[in-house]
Amino acid sequence: MREVTNRSMEIRLKIWRQESPESNGYFEEFLVENISPEASLLEALDSLNERLTLENRRPISFDSDCREGICGTCGFVINGRPHGPFPGVTTCQLHMRMFEKAGLLVLEPFRGGPFKVLKDLIVDRSGLDRIIQAGGFISVSTGSAPEANSILVPKNLAEEAFNAAACIGCGACVAACPNGSAMLFTAAKIKHLNILPQGKAESKKRTKNMLDAMINEGFGACSNHGECETVCPKRISLETINFAFKEGLSS
Amino acid sequence: MSKISFLKLVSSSTGLFIILFLILHVSGNLKYFGGPDSLDNYALFLRIFGKEILGEYTFLNLFRIVLVIAFILHIWSTYLLTRYNAKASPQYESSLAYKSTTFSSKYMFVLGILALSFLVFHILHFTLGIIHPDGFEYLKVYNNVTISFKNTIYFLIYFIGVTVVSLHVSHGIWSAFQSLGFNYLFVKHARNFAKLFAMFLWIGFLSVPIFVYFFK
Amino acid sequence: MIDPKIPDGELSKKWENFKSSSSLISPSNRRKFRIIVVGTGLAGASAAASLGEQGYNVVAFTYHDSPRRAHSVAAQGGINAAKNYRNDGDSILRLFYDTIKGGDFRSREANVYRLAEISLQIIDHCVALGVPFAREYGGTLDTRSFGGTRVSRTFYARGQTGQQLLLACYSALERQVANGTVKLLPFKEMVDLVVEGNRARGILVRDLLTGRLERYAGDCVILATGGYSNVYYLSTNAKKSNATAIVRAYKRGAGFANPCFTQIHPTCIPRSSETQSKLTLMSESLRNDGRVWVPKDPSMRAKDPREIAEKDRFYYLEEWYPSYGNLTPRDIASRAAKRVCDMGLGVGPLGQAVYLDFADAIKRLGKNVVYERYGNLFEMYQLITGENPWEFPMKIYPAPHYTMGGLWVDYTLMSNVEGLFVIGEANFSDHGANRLGASALMQGLADGFFIIPYSVPNYLASAGKNTLAEDSKIFDFSEKQITNTIKDFLEADGDKTVEEVHRSLGKIMWDKCGMSRSLTGLKEALEEVLVLKEKFKSLIRISTNDERLNDSLEKAMRVKDFIDLAEIMIRDAIERDESCGAHFREEHQTSDGEAIRNDERFAKVQIWFDRGEPALETEDLKFEFVKPSERSYK
């Protein structure tokens, strides 16, 4: 039963602390007691923060928003895995019951490429936005669209586009990549837009510009380790990268 | 074409070309088991191939030039790609638990440098005959192979060198397919197949040294 | 009486008339006008992108690190449009009527008609932007049905329609950023609206990374800052969603309309722990195939639901509302859930949940079809609860979800403060006392893509260019006030965390100004909230006095404004002495618990102004086209 329970557990958290981008970071360990196994990991951090606040200690800064795995705001490395050890989920979807036997969790911010720690577990991921600015759109201005059903999109194509478009831009792929590459992120957008008839017209320009932007932003080039695929909370596959490379060759 | 598309195209296609050459090379090596005549005649055949049209050695040298160019391009493009990767590579304070990264994929560049050193040694040894054990006679291929691999140091160098090349290929071949955008269903299987292929290559290349060192 | 400035003419011609008679600005002059857009969700991003496309000088603000995080992203079910692709009798008129009726006849006819009209263009534009909507095998667009309608007019992209629409707007916005027409400023939260001479002159923002206050003057200000469900602490809104921008606008003279109209969504995952930080919504689309029930006998509450026989199950929605069944509108479904739980039939240890059962649907359609339709929702449910919905029926309970109330706007979406436009959930315009499912996305995009690009130029053309200098006195004044508030908070030395105060505010609001409201309860709530308001500064403690990135300082500033808002919500609920839509006053119900509306006294918008004390004014709702009728879904 998952309604309000009286069970509780405790866990040790070893968390990366860093005051500002310029300062040096370090790990600090905390013991979180009396937390319900039904609480989420972020709620455990919330309650730790409340305690720290009342003790006049600096709370842990971490970013999160929707807390249902769709906005992509949250995310850090948990015991060596971006978004934790379970496939297909974001950090905010982790519940303490999943860690009942863990004992210790080590939390470290996403790193890699141009990602820069802003504070504690919060990271600057604006590089991803600039990749989108380079071409992650269809150039159609408001008012100029044709009647929706005049563009027929086969069901399987729409599904395939959706699978790629499901990317939430959390940056876990970058954090997991030994090269700090944003190839999965970039490829997902290239695939989403390039396979749809609406996006075909500028597909070559899009592919070239986005791939160039990725490198110029300071992300690594992909060398096909495949690590991104294993941490992607939306299970976006290496097939998107395959597609983007193929498109890249003719762009 | 974007910068990385171009570099990927160059590194992948040259890589695949070199792998094709390795397949030719290993099948040539196996002629050792056919005895001295078989191997020496094969070596002679390579020398005089296309002789009527181009003259002796010409074809072989042309092939060598193409190979050298492929190697240079391969090294140049992978060097640039690796530079991007190294710059962007994350510096974690705790250790990251990798799931699909392999030893080969992670150390591609290092393996590449080692393979290159091995290649230089190999050319100095067999092709040019500059470094060699006693009794080495230029153009007497069967004899040279035999005395080289009877020598423990040479045997070990080749053992390590071939292992390095195989490891490099085991990631390189499927990575090249992926980077060239081959059909993904094929690529997905190629990922496992690549390891098998690399193992065959390893066995193929090492069969001669092992046979010589241990059984001859 | 406040004038909504509705254009003359027949209902169906009003928008056309407005468009053809509105003033324009020539392309070469547009870049001289600086337009401030606060918030980059569906409404904000689409408005900023469209105005950027026209060539205006747009500055867009978000407190997130990227526009793609806005909470529009979490909308699941879909977006309505009167395309009538199904040939099932849909039309603009019917969408208009459904929305008016769904809102329990408390919205403006002209606005709602315009919304229904524009719905057609929205789908066209979103498809062109590359939204991967669900498709039929022939390649045409697929639709499904939603609560409160009898046609299938909801377009969707699996259970992630909001995400896909937001990403489309985000991409359009980023395209304009690349073109240089839009300047995007992330990590900046609006903390004040600067008004001079009843004209919006700009905003004051706090840079969340550096803590610096920054001034931005503009020729007009567009607020697209979303709703205020987080006043309840536990809601389906994102953790950062807040009402600061609209409350600051209210404090600077903008009217706040119908604050008590807040929607409680019937299908959310029940609360599971004391530390719970938010609730998760399960799309209403689930009610298409899921059947809602509770055991008939309270003694069976704890029993394995699979073992409860068909005859012992109470499919209360199907019994009470045979014509709409499980697809009754949200307010009705929520209240019905509360009713059965109050009757002691609720399940779960707290008795605060009902079953949403897919066993029949799985039998009828097969697992594959159900998976295709709701797969990701099932996964989400399992992830959060640890229970397998393929085996056990889901447990659901209502939760605060959307706020129909918001800043008052006229027909052109401009507030009573000139040059202050309010769009999306932040305004009050289209949903009356209750919003139908899949209409929020529609409204946000209608406002941003298709209304603002006409109404803003119309305003700018007549108001002229008159940007204030950023070092002028009025900015100094505003900055000083906010600086003092921040200073006070940083020095605050109470013994509660801001989170705790927010939780107690939420509890007051949920218990007494939530799904059902009584005069006594509301009066108590008002007293309690006023105490909280007075004591807030002395109650709270901010952990560090760091002026830079400081989460609890951010939170304190937001909660302060939530408390101000709670006050007018309660006052509004007291004043509205009738039951309508989501606003259910216990004094006004039939013997079987249905709402009783009072059109004679309350067919109006209640608008609150800050004049030291909250002061009430009204706008009469004139129904020229539809006749308010009893809103029955039986």
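This is a predicted model: local features need pLDDT of at least 70, side-chain atom pairs count only at pLDDT 80 or more; totals for chains, interfaces and linings use all residues.
Two pairs of chains touch, and the pair with the most contacts is A and C. Chains B and C, in contrast, share no contact, and their closest C-alpha atoms are 19 Å apart. Where chains A and C meet, 80 residues of chain A are in contact with 91 residues of chain C. The size of an interface is often expressed as the accessible area lost when the parts come together. For chains A and C this buried area is about 7200 Å², with 52% of it on carbon and sulfur atoms.

Five elements of chain A each supply at least two residues of the side that touches chain C: the helices α1 (41-54), α2 (126-133), α3 (155-165) and α5 (183-195), together with the strand β6 (116-119). The largest share comes from α3(A), which gives seven residues. By residue type, the side of chain A that touches chain C divides into 36 nonpolar, 23 polar and 21 charged residues. Nine salt bridges are found across the interface. One of them joins C:Lys240 to A:Asp63, with the closest N and O atoms 2.6 Å apart.

A:Arg125 sits in the loop between β7 (122-124) and α2 of chain A and is buried, with a relative accessible area of 7%. Its side chain reaches two backbone oxygens: that of A:Gly72 at 3.1 Å and that of A:Cys170 at 2.9 Å.

A disulfide is a covalent bond between the sulfur atoms of two cysteines. For A:Cys92, the closest cysteine sulfur belongs to A:Cys74 and lies 3.8 Å away, so the two are too far apart for a bond. The sulfur of C:Cys220 is 19 Å from its closest cysteine sulfur, in C:Cys169, and this too is too far for a bond. A:Cys92 is buried, at 7% relative accessible area, and C:Cys220 is buried as well, at 0%.

Note on methods. Residues are numbered from 1 along each chain as its sequence is written. Chains are lettered from A and ligands numbered from 1 in the order in which they are written. Side-chain values use heavy atoms; hydrogens and water are left out. Contact means heavy atoms within 4.5 Å. Buried area is the accessible area (1.4 Å probe) that two parts lose on being put together, summed over both. A salt bridge is a side-chain nitrogen of Lys or Arg within 4 Å of a carboxyl oxygen of Asp or Glu. Helices (H or I, at least four residues) and strands (E, at least two) are DSSP runs, numbered from the N terminus. Ala, Val, Leu, Ile, Met, Phe, Trp, Tyr, Cys and Pro count as nonpolar, Asp, Glu, Lys and Arg as charged, and the others, Gly among them, as polar. A disulfide is a pair of cysteine sulfur atoms within 2.5 Å. Buried means under 20% relative accessible area, exposed over 50%, partly exposed in between (1.4 Å probe, protein chains only). A polar contact is a pair of N or O atoms within 3.5 Å; within protein, one must be able to donate a hydrogen and the other to accept it, and residues adjacent in sequence count only if both atoms are side-chain atoms.
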